Amino acid sequence: MDQQTESLSPHVDATQVKRVSRNMRTLLIWILFFCAYNIVIYYALFKKFSYYLSISNLFIIAILVVGFVISRRLSNPAVISHRTLNVWCQSLCLALGIGLGINTYFVYAFLPIENSAVGPFRLIMLSIVPVSIIYIIALSYLSQRLRYFLLIFIPSTLPFILANVFYPDRYPLFINIIINAWLLIIFIAAILSSKLYQRLSLLDNNNLRLAHQSQILSQYTDELQIKLRAQIEQSNEIRKKLQYNNELLEEKAKQRSYEIKRINERLGSQQINLSLAHETAGISSWSWDIKKREIEVSTAMLESEFDFFNNQKADIELIVHPDDLDVYKYRLRQHLRGKSERFEANYRIKRNQEWFWIQDIGKIVSRDALTNHPLKMVGIFRDIHHEKKAQEQLRLAAKVFDHVVEGIFVLDQRFCYVNVNPFFEELVGSTHQELFGRYLFDLTISHRAEIIRLHNTIQQQILLTGYYESEVQLDLVNGKKLSLLVKINAIMDDQNKIINYIGISTDLTYRKKQEQRVLYLENYDLLTALPNRFYFNLKLHHFAHSNISLKNFSIIRVNIDRFRLFNEILNNNAGDVLLKMVARRLESCCSSAQLIAYLNNDDFAIIYNMPNQTISIHQLAQTILQEFQQPFQILGQEQNVSISIGVATYLEHDRQLDNVMSHAELALADAKRLGGNTICFYNKETTALLDDSIMLKHDLQHAIKKQQLTVHYQPQVCAKTSKILGFEALVRWQHPQRGLISPELFIPLAEATSLISEIGQFVIFESCKQLQIWREQGFDNIRVSVNVVAQQIQRGQLLIDLDTAMSMYKIKGEQLELELTESSLLDRTEDVLALMDQIKQRNILISLDDFGTGYSSLAYLSQYPINTLKIDRAFISRIGTARDAAIVDAIIAMGKAMGMVLIAEGVETQEQVDYLKSQECNLLQGYYFSKPLSALESTAYLNQYSSSLSASS
């Protein structure tokens, strides 16, 4: 930095020193202010006198006062030189730095000893903060002279640096790091600021030097202007000489122009003649100056169409079609090298973003005498696009004629064959040579009079209208039979005279077969070859409404018993074989029926007209049933298959066909409910029950929405202590018109639809809500059993309902018990097991309801995590007989051996209570203790036994 300062002019250096000396007085005032600030802050914080702080600050103040007075006296340039002023400023800065360093040292070393309340952060406030502000102010006023700033900065920062060595515990380590970093930043900022000022001073010095050089250049410019005026005078003399020479040239040019005009007139007439010839022939000429790479087109009319010729930079690959480019280049190259007499090629060029064919012919007319390189080439081109198009259309028409999949023939004026395509040859079985010259109808058998009349009609219509189209059936002389759609058109010449006939023959044989196939598929089943449901309904309405209507006929519905189980045991292929055999057996035993149809799956239907038959409908149904007593041989095995039959009679049971069909379905459903292998005839009482069920199902949907369902609770009593340990939740329906409806009526209807899941969800939430009410009344140990059906398990909503209800009403898992029936455990064993494990994880108990009435109860006891076993009321009601009592004893013994709780439901007599207590059955439930009670009644019932409940708890 000193070297840079020395490079400055003495004037600049003196100016900086004087400016800094003036700023020095302001700096002293600021330092004085912050010394006062330091003393004021200390007394404000601690309210006490500090000897060391006062001494150090008074020392600095003394330096400031002395420095201020001397600086003011030295501010007059006449009194002191800038060198002396520079020495004084450096001395003053050094004194300030030493004073600040002494002050900082006193604050660091003695102030914490003098006042123990001075902590690290207050020490920072009294030391580093004022000094940092003084540094920033000094940096602002002294940055022009870095040496002045460093004389203040270095002595005053030594105490901070030495404090890290002698007083390492004054500040935490991170504060020391921050202080040192902060001082380093101030130091770097001072250097950068000084560099900036030095650069500005250098720039100022350079500006002065450039101004001096500008004056020298101005003088040089004046000299150049004098020389320029001399050159202008010389140029004027030269221009006068040129003007004289131009006048001479103009005279010679006029003479030459007249001669050229005469030549151009002669060339113009020749050009007109040539253009007329080219226009007549559709030809345009071109001239190619190879050396200058310029092309000229002779016909102006075509210049816009082939403007690429005048483009010297045109890329031939963008003009000529890629498929023609290689041939074009090869032939042009051959001619340019002298290997061909002339250039000739047909190729496509791009015009208006489309490709057009041209014929191009050219020849070299000038070559270099030394190198033999071509210099000029001339030629002509012709637009042959329409010709090419016509040729392509002719080739396409020929290909279409040869490859079209329809027979095409051409006749002359006498209706004799002129030409035929290959497909027509194949269609009629004759070659082109065999057909040429023969009459149109010579191919067909024409010995019958109606055929001759048809041929004459066709010929007359063509002659009159020039057109014929119709479907015809032909018997050819070679034995082929064809179904054709024939179209024949007359072809006229310019005088509107017929010169030929063109015919098109479309083979309809395959389409006719397909139409018959589609018609068969629409009305018949492919597997059984019997009429399908669509055809059955069509014939049924036809029989009832046509003129040949059946007066008294019956509909017999036949269904294969347990057909789904048959498919599962064997396979679907065996099921298809069985359906075919059933169809054949029905056809053999019902040959007198009007119609036998296969409706779907395992369902058949028969229409039987009774007045025209010798056997009654009852005899026919019995015959069908007896025929199916014989076994079937299916896939090498003998299988016994039974059927269910439902019968309804038209006019006797109903006059509406749809209703008769429905009655037959009801009769079939009754036969299925009886176990199959039987016959049921329609009964009107069945319809009444069905209508009642439909009404109940409709009302049940509204009952859930209108909150007509309620939950009743039947107590479960301990057999030993007679205390109430829990309740079973039972849903009831309070119908607005019919009153209280038994669950035996509406639960089966709900199970047939998705309503049972909604009812189950309702019971779970109501039971949890009631448990919360009982808990608030002090009944904490009550458990409620809720029935769960298979549909709730299969829908996957059960766990969500349980979690939501338990969370909503703050219910523990031990307070709930889920009662499952054996039917809910029949399917999807792995899914049910996973679900029951998740239920057990919630501490909810699981009970198996109606034990002993299902199919595989023992398997469930060992497979599923069941806590409670409910003995069905069917066994409890028969206690007193030795056999039934033995069954109850076996169930209780087995349950206890497996560690389960036993509940006997349906207990109604004292005899049953005594017997069950003697067998140590755990819980009893039934009308002997109480009927199912409403929520209020069950709460009153609990209050009645509150003392026993408290004792049990």
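**Confidence, pocket and cavities of the predicted model**

Where pLDDT is low, the predicted coordinates should not be read in detail. For the chain, the mean pLDDT is 79, and 86% of its residues reach 70 or more.

Residues are numbered from 1 along each chain as its sequence is written, and side-chain values use heavy atoms, with hydrogens and water left out.

The largest pocket holds about 890 Å³ of space. On a 1 Å grid over the protein atoms alone, a pocket is an open set of points with protein on both sides within 12 Å along at least five of seven lines, whereas a cavity is a set of points where a 1.4 Å probe fits but cannot get out; lining residues have an atom within 4 Å of a point. Grid points are joined across faces, edges and corners, and a volume is the space filled by probe spheres set on the points. The largest pocket is lined by 31 residues, of which Glu-728, Leu-730, Pro-743, Asn-787 and Asp-849 are the closest to its centre. Two or more lining residues come from each of β19 (724-735), α23 (743-751), α24 (755-776), β21 (783-788), α25 (790-795) and β23 (845-851), and β19 gives the largest share, 5 residues. By class, this lining has 13 nonpolar, 8 polar and 10 charged residues (Ala, Val, Leu, Ile, Met, Phe, Trp, Tyr, Cys and Pro count as nonpolar, Asp, Glu, Lys and Arg as charged, and the others, Gly among them, as polar).

The axes of α23 and α24 come within 6 Å and cross at roughly 120°; axes are lines fitted to C-alpha atoms, for helices over the stretch in contact, and angles run from 0 to 180 degrees between N-to-C directions. The two helices, α23 and α24, are therefore oblique to each other, since angles under 35 degrees count as roughly parallel, over 145 as roughly antiparallel, 65 to 115 as roughly perpendicular and the rest as oblique. Their contact is made by Ile-747, Ala-750 and Glu-751 of α23 and by Leu-755, Ile-756 and Ile-759 of α24.

The count of cavities of 30 Å³ or more comes to 3. The largest cavity has a volume of about 260 Å³, and of its 20 lining residues Leu-440, Phe-441, Thr-444, Leu-474 and Val-486 are the closest to its centre. The largest share of this lining, 4 residues, comes from β9, and the lining divides into 17 nonpolar, 3 polar and no charged residues.

Key. This is a predicted model: local features need pLDDT of at least 70, side-chain atom pairs count only at pLDDT 80 or more; totals for chains, interfaces and linings use all residues. Contact means heavy atoms within 4.5 Å. pLDDT is the predictor's confidence in each residue, from 0 to 100.
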